[in-house]
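Trainee: Could we walk through this protein together? I have some questions ready.

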Amino acid sequence: DEIIASDILDQNTYDQIENQFRIASGGADYLVALQPFAEDNLIAFTRNSIHLISGVGADLGNAVVREITREVGCCARKSIAQVGSKIMFLSDNGVYGVEFDQLYNLRGVSVPLSEAINPTINNIDPLYIDNAVGIYHDNRYYLAVTPKGSTENNMMLVYNFLNDGWESVDYINQRGWNIKNFIRAGAGGLNSLYAVNELGGIHLIDGGTAAVDTLALAVGEGTAQYGISSFLNTRQYTFGTMDRKKFNSYELHIESASEIESDAIMTMETENLDGTEIYGSISSIIGAPIPSGEDESIRGRLGNKRAYGAQIGVTPTTGRPKIRAVKITGMLAFSSTTSAS
């Protein structure tokens with residue numbers, strides 16, 4: 001719980017009075033990471049709280065330590081990533097952010113950004129949560145974590161800042177695959193994102209549009225291709241009311257990758273009344289798979305299925321289709337208070 005600031009260009013010399021700071025002293029807490037911020041501020045993340053050290057760019061005798069929040073802390077040093085005026089990090093309760101408010105004072109955001117994916121967050125193994133690794137790249141926050149049943153970071157969560165939501169959960173159950181760190185690097189062009197494993201393997205994230213992953217799990221080993229099993233589930237559509245609805249039609253905008261044609265099976269899962277409807281493959285609906293580099297707007301009927309809420313599922317069977325938009329239409333129905341079966 002102690003921070004010592006050395007003299008400039010002399011790491012072995014420091015002032016024991018002016019250059020020494022205690023964070024969360026007297027409590028069962030410990031420092032996890034330090035993160036520089038704007039206007040000579042330094043954020044100190046402990047396991048159960050967050051503190052701000054102001055004025056670290058001038059005379060440290062005038063620096064001030066104050067507590068931002070004791071409601072959350074950081075449990076993984078490498079999960080911290082700065083995105084504009086916001087700092088992302090992983091806590092025991094999920095992914096949080098710390099940002100400047102209108103008065104340029106730091107505050108802890110009370111609702112975690114990962115609230116929408118709490119079941120996935122709860123699947124992180126608490127014994128290895130401190131190994132989590134995060135980075136910001138291309139308007140996204142990537143977070144590699146260890147799921148229960150594993151001992152390595154082989155699950156990656158992706159938050160999209162353009163959509164303000166979590167867009168992907170990637171899991172690779174391949175022996176030797178793990179993410180020890182993320183690296184942003186480039187050679188004469190735009191920076192790309194790479195994942196590094198503990199055996200020295202370097203892998204390009206989102207480096208292609210093929211329906212396989214190409215991995216080299218150790219230095220000196222040849223590459224091997226592994227098939228990708230994927231699916232998309234939309235949010236549950238309830239139309240903002242608790243009443244029973246009758247879902248009658250859908251519209252799906254889907255696009256093929258530039259190098260391979262695409263096909264997928266479409267389903268709908270309903271809640272109260274519970275059920276799963278299979279509407280067949282895209283090729284059976286439009287007569288053929290979607291050609292490479294082309295897109296389709298597919299419309300169809302949902303059979304007036306009655307339920308409280310519904311969500312659409314798309315499971316690719318060929319290629320790597322891109323889902324651009326999903327729409328469900330319906331109306332309130334079945335307002336009787338008599339139970340249905």
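What follows is a short exchange about a predicted model.

Trainee: How many helices and strands does the protein have?

Mentor: Happy to start there. This is a predicted model, so please read each value as computed from it. The count comes to 2 helices and 26 strands.

Trainee: What share of the residues is buried?

Mentor: A residue counts as buried when its relative accessible area is under 20%. The protein has 341 residues, and the buried part of them is 38%.

Trainee: How many disulfides does the structure hold?

Mentor: A disulfide needs two cysteine sulfur atoms within 2.5 Å. With that cut-off, a search of the whole structure gives 0.

Trainee: Is C74 buried or exposed?

Mentor: The cut-off for buried is under 20% relative accessible area. C75, at 5%, falls below it. C74 has a relative accessibility of 0%, so C74 is buried.

Trainee: Which residues lie nearest the centre of the second largest pocket?

Mentor: That pocket has a volume of about 190 Å³, and 14 residues line it. Nearest its centre are N131, V133, N153, I179 and K180.

Trainee: How many residues in the lining of that pocket are charged?

Mentor: Sort the lining by class. There are 3 nonpolar and 5 polar residues. The charged ones number 6.

Technical notes. Residues are numbered from 1 along each chain as its sequence is written. This is a predicted model: local features need pLDDT of at least 70, side-chain atom pairs count only at pLDDT 80 or more; totals for chains, interfaces and linings use all residues. Side-chain values use heavy atoms; hydrogens and water are left out. Helices (H or I, at least four residues) and strands (E, at least two) are DSSP runs, numbered from the N terminus. Buried means under 20% relative accessible area, exposed over 50%, partly exposed in between (1.4 Å probe, protein chains only). On a 1 Å grid over the protein atoms alone, a cavity is a set of points where a 1.4 Å probe fits but cannot get out, and a pocket is an open set with protein on both sides within 12 Å along at least five of seven lines; lining residues have an atom within 4 Å of a point. Grid points are joined across faces, edges and corners, and a volume is the space filled by probe spheres set on the points. Ala, Val, Leu, Ile, Met, Phe, Trp, Tyr, Cys and Pro count as nonpolar, Asp, Glu, Lys and Arg as charged, and the others, Gly among them, as polar.
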